[in-house]
Amino acid sequence: MCSYVGRCNRKSVVKLVFLYVVFLSSLPVLQGLALSDLYPFGKAASDNKTERTDDGGSHKILLKNPFKFFGRNKSSLFVNNNGLITFDAQLDKYKPQSFPLTENTPLIAPFWADVDVSQSWSKGNVWYRQEHNATLLDQASKEIQNYFISQQKFQANWLFIATWHKVGFYSALGPGRNKFNTFQTVLVKNEKRSFVIFNYQQIDWTTGSNSLGDPETGIGGQPAQAGFNAGDQKNFYSIPGAQTDAVINLTLTSNVGIPGKWVFQVDGDSILDIKCSHAEQISVFPKSGSMFGGEEIRISGPCFSKAFTILARIRETNDTFQCSAINDISAVCIMPTVFQTGQVTFEVNPYGMGWNYSSSFHIENVASMTPKIIRLNPASWVISGTVTLTWNSSLTPSSALFLDILAYQDLNNSNPSFITVRSESFDLSPPINSSYLVNTTVVLGGNLNENTTSLVLRIRTNTTAGYSSIWSDVFPVRWSSSQAAETMCQNWLKFSSPVSSETSSSCPCTARQASRDTGRYFIDPLCNAQNVHSDTNCLYSKGASQCFRSSLHSDAGSGETCCYSSKGELMDAREAPHAGGTRSRYHIHAQGQDIVPFFSYFQNDLAPFVQCCQYSANNSMCQHFLKLRPPTTCQAYTPPTPAQAAGDPHLTTLDRKDYTFNGIGDFVLLQDVNSSMIVQVRAIQTKDTNGILQNASVFSALALKTKTSDKIEIYKTADGLTDVLVNNETVELVEATSDFDGVRIERHEGGDSVLNFLLVFEREDLSVSVDVSKDLLNVLVMISGERYKGQIRGLLGNYNGDDKDDFISRHNVVLPSNSSMKDLHYKFGMTWEVQRNESLFTRSNTGSSNISYEPIFLDDIRNPDLNLSVVVELCGENKQCQYDYRVTGNENIAKGTMKFIEKFKEIESDVQKVVRCPFLEVPANGNRSVSGYSVGDNATFWCDQGFRLLQGSSFLVCGESGAWSGGTPVCVRRTVDEDSSISSLIVYVGSSTGALVGVVVVAIVIMALFKCRRKPKPEPDPEINGPIFENPVFLESLSTLGQGGAFKIPRPTYVDPNLLDDYFF
């Protein structure tokens, strides 16, 4: 791919260089594979042997594991003496034929020719076996990993090895009887992918005499065929040189750079040949990497040569780096540090003639990557202290290592980089490639200054392609004295500006809401309840159980963090400064002009927070910080809206209307009126447990795209597996989370062999959860926010808050909400069948061709073979489960429907709006006790000695409207007159009623004695310890005195009516 016009003018030169390299790589060599290079075979390997008959072969071999070939699972095969492996049926033809065959015979042909092992002069045998030996499985796995860069995690679970050893040709005469061929075919598979390895050790002849070959040389006539035939009279692959005299050179040629070895991927609709070519699109693995860099990236596509310097670069940032050729078909590069995230263009210049080869690549935010270096006891990491770190030795396969302490710097917000503040070398032993935990200590320090705020550790080893390295998490600088932290906080406060107030905080009120609102919030990687590294988890949110972050950031790049207690309630940073979330100047994912992903957030939000609120001993520093980074609240939060399509499709619209639709074909599940967001589903006719088609349907595929994202497709394959396509190409999702342009895909292994995919379109407030089982797809859609209200069409209704008008046909005809299932089918559902020009599906729908299909409607269910008590026992009261079982007779579909419906109801419950009253500030010169912020919770206020309540109530209750029952109290200092009035009151009572005092005292004593006789002395409450007015149990009990209104006593006539309103009425 040419980046500039000038380079395009050199394209012919590049092609000439390419052809020259190909010519060099294809020159004959004197030696191919040695016999020891083949997988073990023969009696010593416990092989089976075919009968020594002309054109004979093995019996039918039942495979212990199905082998996927041209998209179809094969459960048996035959080994043919004439150099063939056939599926479905034996093939005894000795004359090789051109592909595709006219017969529907799927076959693998390592060397299809007229082999003869029946003669007494023949020394040959044909051996075969199925293999599960761990050593051989590992050998095959490494071969596949080495040749296919996208299969770096491939692990074989089964092999089939067939070996033709020293086989001669039919009707050989004289010297022809001393010509033998030895070749081998290895079938390799795991749960999803299938590969074939051809090993050619010796090829002396190409043609039998009955194929017009010379009986003394075995050459000429109709030479051998080599390759693959799909058996559909259409798809095939022939190895270059097959059926020509050049086929004798199979020991000297290769598609993997090893003479005599050919390797192919065979599970897809076509054979994948990995030989190098001049195609401009290259393959890169992995398809993503960290901003930190230091990872090995393997590339294939062009023909590589060690004679050329191979360069690569990231086009968008112009970061250029060197790569090294592994062999003719692949090279390895070490990614540099790139201060950008998201989709970029990975370009390669393999011959020094221009950037003519490219692929897309995704750079991950460092916050989302699990650190390879783990900091032990990170809370004690202070500058000049000795600290301990650990990592797995398999991540650093070298004995000579370097440990770097790096500081992040960003001069004028435009030139981010790491500078080395300290570096030291050390040797790692025992031996390389072993796997164990390494612990080491280092003094944390180096060339630091007062402007250094963040550090990171790197362990690297030198390679010819650059620094191969692993990294720790980024962590803030912490000096040994709290005064240093206070100084850093003050400096930040002096120059920092407050967060933009363009939008108000809208965190979910509960952790359950946050976990379900996947279109707007994601789990904070810095505080994740599932994080196995407990030392570093929630290190900057101490006391929180789980935090979430908003997915969308503002135009200014700001974000917010929502942290929750162990009870699942949103925590307020004003009450829990170490744990509560705040608004942030920069979102963790924000990038752009002068904004660096993660690091801008770390420098401007996280580092100041820990200096002001964790490391400083001055509490007022944190209060000042919170004025610039306000706490997050939930009063403005609006929950998301869920909808579903499950089972024999039962749908719940976005306005909560339930119905069933049994169409067959591709349908619009939902799209907005501008077609900027489209979700389509594919429905096929379902089968019962015996494989018999039923008059019902299930979803088998989903395709979706937004105007800001890549297109995603998910297919349930005929063999019960799952394929994911991105922009029409199949991708391997090897990680739990994969990021593409505008969409994040999370992959989870569920119970009962269910695979869950969560697709999050952060820019569109949309998330789609897909459960894939061997029978069907179940789909759950979640739309957040208000921007799509009334703008949705399709099978999930119009999303306007009214379920009475959800059934709007493509032609804008509104059906009554109580329409029959039959009317909904034909007048609503079928109108949303996808038109040919609007389909998002890459693969055709092979399950929609039954023109006689007529769905069973609810009133027409008749299945006399099913016992109603069995249905109830299986499904209970779940109507959708009962319907599915009665219609399909498939227990798996019915149970899957019931589980998904229950899951949906749980989600509906979790996202219900909850009411929380706003935070109550502690009054100046006073205090307060709050039982909570939910409806019915209360708060009690009191003033310090010498102060009184001027306004508001001393007792508040959280109401159903989300407001407190009164205003927030204010404490003011008592005046001299107020103090004198109270003193005068006491003196007056003491002097003018002296005669009454004695009588009152006697009466009180008598009443007290009488009460003591009636009631034993209570035991001290063990929960009340310490000063009584500081004990929360006492204060909570005290607060109940005011239930139903403030607790007051009658006002004496001698007390000024303008004073002490909170105590008298």
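Reader: How many salt bridges does a search of the whole structure find?
Author: This is a predicted model, in which local features need pLDDT of at least 70, side-chain atom pairs count only at pLDDT 80 or more, and totals for chains, interfaces and linings use all residues. Residues are numbered from 1 along each chain as its sequence is written, and side-chain values use heavy atoms, with hydrogens and water left out. A salt bridge is a side-chain nitrogen of Lys or Arg within 4 Å of a carboxyl oxygen of Asp or Glu. Searching the whole structure on this basis gives a count of 39.

Reader: Are Arg-313 and Glu-347, which form a salt bridge, buried or exposed?
Author: The closest N and O atoms of Arg-313 and Glu-347 are 2.6 Å apart. Arg-313 belongs to strand S18 (residues 310-314) and Glu-347 to strand S21 (residues 342-349); strands (E, at least two residues) and helices (H or I, at least four) are DSSP runs, numbered from the N terminus. Buried means under 20% relative accessible area, exposed over 50%, and partly exposed in between, with a 1.4 Å probe and protein chains only. By this rule, both Arg-313 and Glu-347 are buried.

Reader: How many residues apart in sequence are the parts tied together by Glu-908 and Arg-656?
Author: The side chains of Glu-908 and Arg-656 meet in a salt bridge at 3.1 Å, N to O. Glu-908 lies in helix H11 (residues 891-910), whereas Arg-656 lies in the loop between strand S36 (650-652) and strand S37 (658-660), so the parts that the pair ties together are separated in sequence by 252 residues.

Reader: Which backbone oxygen does the side chain of Thr-86 reach?
Author: Thr-86 lies in strand S4 (residues 84-87). Thr-86 is buried, with a relative accessible area of 0%. At 2.7 Å, its side chain reaches the backbone oxygen of Ala-89.

Definitions and conventions: A polar contact is a pair of N or O atoms within 3.5 Å; within protein, one must be able to donate a hydrogen and the other to accept it, and residues adjacent in sequence count only if both atoms are side-chain atoms.
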